Each structure stands twice: as C-alpha cells, then as structure tokens.
Amino acid sequence: MRHIAIIGSGPAGYYSAEAAQKKFGENVAVDIIDRLPVPFGLIRTGVAPDHQSIKAVSRRYEKTNSGDNVRFVGNVTVGVDVSVAELQEFYDAVVLATGAPEDRVLDIPGSDLAGVIGSAAFVGWYNGHPDFRDLDPPLDARSVAIIGNGNVALDVARILAKTEGEFAGSDIVGHALDGLKQSAVERITFLGRRGPHQIAMTPKELGELGHLERARPVVEAEDFPDIGDDAMLEPGMRKSVNYLRSFQIAAADAEHKPIEIAFDFFAMPIEIQGEGRVEKLIIERTELDKDLRSIGTGELYELECQLVISCIGYRTPPIEGVPYEHGRGRFANSDGRILPGLYCVGWARRGPSGTIGTNKPDGAAVVEMINEDISENSRKPGRAGLDSLLASRGVETVTFRDWKKIEEAEVARAREGSPREKFTDIADMIAARD
Ligand code: NAP
C-alpha cells in the first residue's frame, strides 16, 4: 500500500489521482485535499460560465472519486490546518496541485488605484469563488481596458459584452449576472504589447468574439504583417490570425452593434492615472526586436478608461517549507519532482500554460516518479493520521458525499435554464450538506 496526499482538487489533482488508481489499483490510498468545501478548482471557478462543455470534464473526476481508494477531503487549508511537513509524516508522497490562483503583478505606477482589477479576482467574481464574491467591480465604466492578449483576456471581454440572453444555459452566478445587466460598457480595448502574430488566443475562443449579439471586434489593418507571412505560423496560430483578419472584413456588417471590442496591438501600458479611481492609461507604442520581444518606441498616448482588468498570467502562491522559484511564480522542481516524496503537477509545476488536458500527462508522469521513489510497503499511517490530527484541531472536513449534497442544493436553487446556482459563501456550502 502507498499513501498519497494530493493538495488541490482541480484538473491536475484529479488526473494525478486517476493515474495513481490506474497504476497501483487497490494498493494505493489517495486523499485529495482542498481548502474549499467543493471540488474541481479551475473547472468550477476558472473556466468561463458560458463554456459548460469544458466544465463537463468534472464527470470524469467524479468517476475517479467513486472508488474507495480516492477520497475528497474538503475545507482543509494546507499551511493553516495542517502543514506540508505534517502531511509528509502521514503520507508516502505529497503532490502539490495547487494551481496558480494569484495574478502576476502588474508592476506599473497607479496599479493600486480603485478600478484596477486582476483577472483572478474578476474571473473569481463571475464564477462565484468565495474569495471574490464581494469584489463589486465598477461596471458603471463606459470604457474598459483589458491588458493581455491571452484566452483569459478573451473570456473577460466576452463576459463583459454578453447580453443577459446570451448567458442562458450558463452557470454565471446571480450576483455577477445582476451586476452585468446594469453595466454601462460601450468600449472594451485589448492592449497587447506585441502584434497579431504573437497573440496567445486560441481559434475557437477568438472565433466566439465574432458572434456576439451586441458587440463587434475591431482590428486595424495596419497592425498586421503582410498576409503572406501568415504561412510561417503554426496551424493553430494561423487560424487565430485568420479570425483576426476576418473581423476586419466583418466590421461593416456589424456596425449596428453598440459595444466595440478594439484590439490595440503594440501597446504597452506604462502608467495608470486618476483621482482616487482609474481615469486613463498612459500607453507606450512598442515594436518587436529580432527575438520578437516588445520594446518601447518612446511614443506615448492615452486611453480613457474607468476599469482596467489585467489578464497577464498567474502565479502559484508559495507554501512554507516548499522550495519556490520566485522568478517563474511556481514551485522549484525538476519535471515535477521537488524532492523524493514531494512533487508538483499542473500549473504549480509548469506555470500557467496549456489546456486542461495538458494536466493529464503531468498526472501520469508524477505517478511514475512516485513508483520509482516510494516502496509499496508503506510504514506511514496515511489518512488515519490526517483524520486524527484534523479532529484534534477541530477542523470540520467535507467529504465527496457531502459535496454531492451541496451540488444537489445548487441544482435545486438554479434560475430557469441554468445548471446550478453556486453557493459563494463557505458557511452556506457547509450548511447545504447537513
Ligand atoms: P497567457 O496565455 O500566458 O496570456 C498572457 C498575456 O498577457 C499574453 O498576451 C502576454 O503577452 C501578456 N502579458 C504578460 N505580461 C504582461 C505585461 N507585463 N504587460 C502586458 N502584457 C503582458 O495567460 P492567460 O490568458 O492568463 O491564460 C492562462 C492559460 O489558461 C493559457 O494556457 C490559456 O490558453 C488557458 N486558458 C484557456 C482557455 C480556453 O481554452 N477556453 C480559457 C482561459 C485560459 P506576451 O505574449 O507578450 O508575454
């Protein structure tokens, strides 16, 4: 028997548990520990609420949880209720699958002004993460600047631009839908510090922008390289750039749509200004150097905006006692091994890149390492050790069966056409299982 603790119940955590089940069969006991009383991490609170087909992957994780050898232990914060060192005493292997829930810092003057928000907070707000339920973003803003040219930037713009009707079938939380219904937004501007050939937006997600009821994407022809240069792009990127180019052609047909979603390329925000609240961004025009990095040209201009959402990537918060790579915002590791017996997977290992499926090979790889490093004849107490420690500290844990009751209550209180109305308060989640 091997005892494994996985910290974090998102895709990286569940794929690791699934791989351990496959590899070790009945000779493994896996505990998936999460600080929230509800599982699935990024699937629940990161993936956009109007992307329900992506969220459906959680059914696969439910299967992983249906065997006796995988347990969900919710409402337990590692670093507060139990330390990593204590987990290492109980389990043969501890796997950090904590994701990258914090924003990469937007390090420019004025970034602490009211009305400047990171994507972790904004996405958490519309997805009902308990940490961000009270965010109250200033949706009286007529002009919104979104910094970054990745898929999170696209999610944020789409959510801001959609009509109430376009949220049918989504599980956007009630407080966000109510807030967005009152939104005054007229113009959304993506600020990309590089050009159309350097975007990190994938085709399907970019394509969605062309089909919004009341919003039209706008690009400037002069930002694009010669069309012949698209041939050098890898196929996915070429498709994305095709979509960008198609927005230019479609612009005339979409003029009746009142919200403009403008792509401002070669644009690097250098300062945010305002009296008590953001009023404008100072932007430096950039160009690319020979390594395709953006460099400032010295040409400055202003963008009036009342809300700035930075979507420039995420970082994994450090955990006491675990080696950490500050520059890259993730745990220091060699292909997932921090040291024998302590591992990391997913964004905590690689940084915030790739799709949900990218976590699958991560899970398989970490289990191979555990197999190499850890003997099958464990002398550790495993889950019994954790249970008695948490009981002695009065920590109230939430099981997978409890979660199913919480889920049932969320389904029961859903507005018409929505799959669920999430609880956004931890106390309400816990009360719903009783
Ligand atoms: P991302 O793909 O890394 O994009 C970050 C963007 O921010 C890039 O355009 C980057 O530009 C820019 N940036 C970084 N630092 C900046 C700075 N200091 N100033 C200005 N711009 C800056 O990150 P993400 O959008 O957060 O997405 C994270 C991961 O989740 C990605 O793998 C993404 O594909 C995935 N995701 C997928 C979906 C989906 O499939 N539906 C949805 C959401 C997220 P440079 O390129 O110049 O660095």
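Predicted model: local features only at pLDDT ≥ 70, side-chain atom pairs only at ≥ 80, totals over all residues.

Visitor: How is the area buried between domain 1 and domain 2 described?

Guide: About 2200 Å² is buried between the two domains, with carbon and sulfur atoms giving 46% of this area. On the side of domain 1, the residues that lose the most area to domain 2 are Pro49, Asp50 and Thr424, which together make up 27% of what that side buries.

Visitor: How many salt bridges are counted between domain 1 and domain 2?

Guide: The general idea is that side chains of opposite charge can pair when their charged atoms come close. Between domain 1 and domain 2 the count is 6 salt bridges, while a search of the whole structure finds 40. One of the salt bridges in the structure joins Arg420 to Asp171, with 2.6 Å between the closest N and O atoms.

Visitor: Which parts of the chain does the pair of Arg71 and Asp31 link?

Guide: In this salt bridge the closest N and O atoms are 2.8 Å apart. Arg71 lies in strand S3 (residues 70–73) and Asp31 in strand S2 (residues 28–33), so the pair, 40 residues apart, links distant parts of the chain.

Visitor: What lines the second largest pocket?

Guide: Rolling a probe the size of a water molecule over the atoms shows where empty space is left. The second largest pocket has a volume of about 220 Å³. Its lining has 15 residues, and those nearest the centre are Phe40, Lys55, Ser58, Glu407 and Arg420. Helices H2 (41–45), H3 (52–55), H4 (58–66) and H14 (400–412) each give two or more residues to this lining. The largest share, 3 residues, comes from H4.

Visitor: How do the residues of that lining divide into nonpolar, polar and charged?

Guide: The lining holds 8 charged, 5 nonpolar and 2 polar residues.

Definitions and conventions: Residues numbered from 1 in each chain as written. Heavy atoms only, no water. 1 Å grid on protein atoms, 1.4 Å probe; cavity = no way out; pocket = protein on both sides within 12 Å on 5 of 7 lines; lining within 4 Å. Points joined across faces, edges and corners; volume = space filled by probe spheres on them. Helix = DSSP H or I, 4+ residues; strand = E, 2+ residues; numbered from the N terminus. Nonpolar A, V, L, I, M, F, W, Y, C, P; charged D, E, K, R; others polar. Buried area = accessible area lost by both parts, 1.4 Å probe. Salt bridge = Lys/Arg side-chain N within 4 Å of Asp/Glu carboxyl O.
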